[in-house]
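This report goes through one protein model. Have the sequence and the coordinates open as you read.

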Amino acid sequence: MNNLLVYRTLLIKFAFSSLLIFLHFLYALYSWLVDQTIFKQPDPWQNRSINGYKKYRLKKLPNHLVVSVCQEEVFYEYLAKLLAWALFLEVPVVSFYHNENGISPEELFFAFRDQYSSLLTKVNWGLEFNENIKFESKKCINGYKWEPRIEVNILTSKHSKLQLVNALRTVCSTEEEFSDTLVEFAINKTFPMIEPDLVVICGKSCTTFGLLPWHTRVTEFLTLKTHYNVTFLKFYKLLEQYSRNEQRFGK
């Protein structure tokens with residue numbers, strides 16, 4: 001009798017263990033398929049119907065979105081996609097951040113031009129994009145009116161460090177009484193960029209890597225496993241999550 005009970009117990013454990021392994025296998029298979037082209041969300045710029053626009057409208061959007069790729073190898077094809085999708089969702093400012101100068105402005109521009117040449121009329125190439133890139137962009141849109149709807153910047157740790165050094169120089173050189181207002185004025189004068197509302201960190205850990213410490217006081221941080229092979233649906237879900245959250249602004 002005891003042997004039969006032990007046998008039944010072992011059989012039940014084996015059945016549950018097998019079921020758990022099978023479920024893990026199904027989830028791993030599903031995750032792999034999602035990352036492949038089988039279940040990929042089509043690029044919204046390839047289906048620009050009125051219903052398509054309405055489907056992806058959000059109640060709240062970040063005025064400044066930062067995508068941090070410090071933990072990964074940079075894939076410009078997918079950074080260009082993120083820029084195009086941010087434009088589609090009507091995000092006005094997008095910045096890409098790498099703490100060790102890991103992003104090439106030229107490669108990002110050419111990746112975007114090769115995939116979305118028709119959208120060049122809507123992009124303002126900002127910080128770290130030199131005059132040659134801006135000239136090349138205008139040459140590509142020759143004959144069309146330039147009506148920028150999004151600004152794109154590249155940020156590195158030097159912006160954070162120089163920002164602090166220059167702000168301290170401004171504070172030390174003034175004759176005004178030291179105050180929080182004076183420091184804030186010096187920082188904004190040194191680096192006149194709007195504070196990021198949302199930072200998407202690509203990688204395994206939620207680490208800022210020194211990203212604009214004086215501009216991220218009330219910034220919301222969300223994580224994306226990787227920007228490689230990213231789909232529009234994954235990107236949209238992040239912004240949808242941001243749209244649902246209530247920012248407390250330090251309260």
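## Basis and overall fold

Helices (H or I, at least four residues) and strands (E, at least two) are DSSP runs, numbered from the N terminus. This is a predicted model, in which local features need pLDDT of at least 70 and side-chain atom pairs count only at pLDDT 80 or more, while totals for chains, interfaces and linings use all residues. Residues are numbered from 1 along each chain as its sequence is written, and side-chain values use heavy atoms, with hydrogens and water left out.

The protein has 8 helices and 6 strands. Along the sequence they follow the pattern α-α-β-α-β-α-β-α-β-α-α-β-β-α. Contact means heavy atoms within 4.5 Å. Of the contacts between residues at least 6 apart in sequence, 76% join residues at least 24 apart.

## Surface and burial

The protein exposes about 15500 Å² (Shrake-Rupley method, 1.4 Å probe; for residues, only the protein chains shown count as cover). Carbon and sulfur atoms supply 57% of that area. Buried means under 20% relative accessible area, exposed over 50%, and partly exposed in between (1.4 Å probe, protein chains only). Of the 251 residues, 41% are buried.

## Nonpolar cores

A nonpolar core is a set of buried Ala, Val, Leu, Ile, Met, Phe, Trp, Tyr and Cys residues joined through side-chain atoms within 4.5 Å. The largest one holds 50 residues, and Phe96, Phe112 and Trp125 have the most contacts inside it. Helix α3 (residues 76–88) gives the largest share, 11 residues. A second, separate core has 9 residues, including Val66, Tyr97, Met193 and Ile201. In soluble globular proteins, nonpolar side chains tend to be buried together.

Take Phe112. Leaving out residues up to four places away in sequence, Phe112 touches Ala80, Leu83, Ala84, Ser117, Leu119, Leu120, Val123 and Trp125.

## Helices α4 and α5

The axes of α4 (residues 105–115) and α5 (residues 131–140) come within 11 Å and cross at roughly 10°. Axes are lines fitted to C-alpha atoms, for helices over the stretch in contact, and angles run from 0 to 180 degrees between N-to-C directions. The two helices are therefore roughly parallel to each other (angles under 35 degrees; over 145 is roughly antiparallel, 65 to 115 roughly perpendicular, the rest oblique). From α4, the contact uses Pro105, Glu106, Phe109, Phe110 and Arg113; from α5, Ile133, Glu136, Ser137 and Cys140. By class, that gives 5 nonpolar, 1 polar and 3 charged residues. Here Ala, Val, Leu, Ile, Met, Phe, Trp, Tyr, Cys and Pro count as nonpolar, Asp, Glu, Lys and Arg as charged, and the others, Gly among them, as polar.

Leu120 sits in the loop between α4 and β3. Its relative accessibility is 0%, so Leu120 counts as buried. Beyond four places in sequence, its contacts include Phe109, Arg113, Ser137 and Cys140. Leu120 and Cys140 are 20 residues apart in sequence and 7.6 Å apart in space, C-alpha to C-alpha.

## Other loop residues

Two glutamates have positive phi. Glu90, in the loop between α3 and β2 (93–97), has a phi of about 70°. Glu90 is partly exposed, at 48% relative accessible area. Glu128, in the loop between β3 (123–125) and α5, has phi near 80°. At 33% relative accessibility, Glu128 is partly exposed.

Thr156 lies in the loop between β4 (150–155) and α6 (157–173). Is Thr156 buried or exposed? At 6% relative accessibility, Thr156 is buried. Setting aside neighbours within four places, Thr156 contacts Tyr97, His98 and Asn101.
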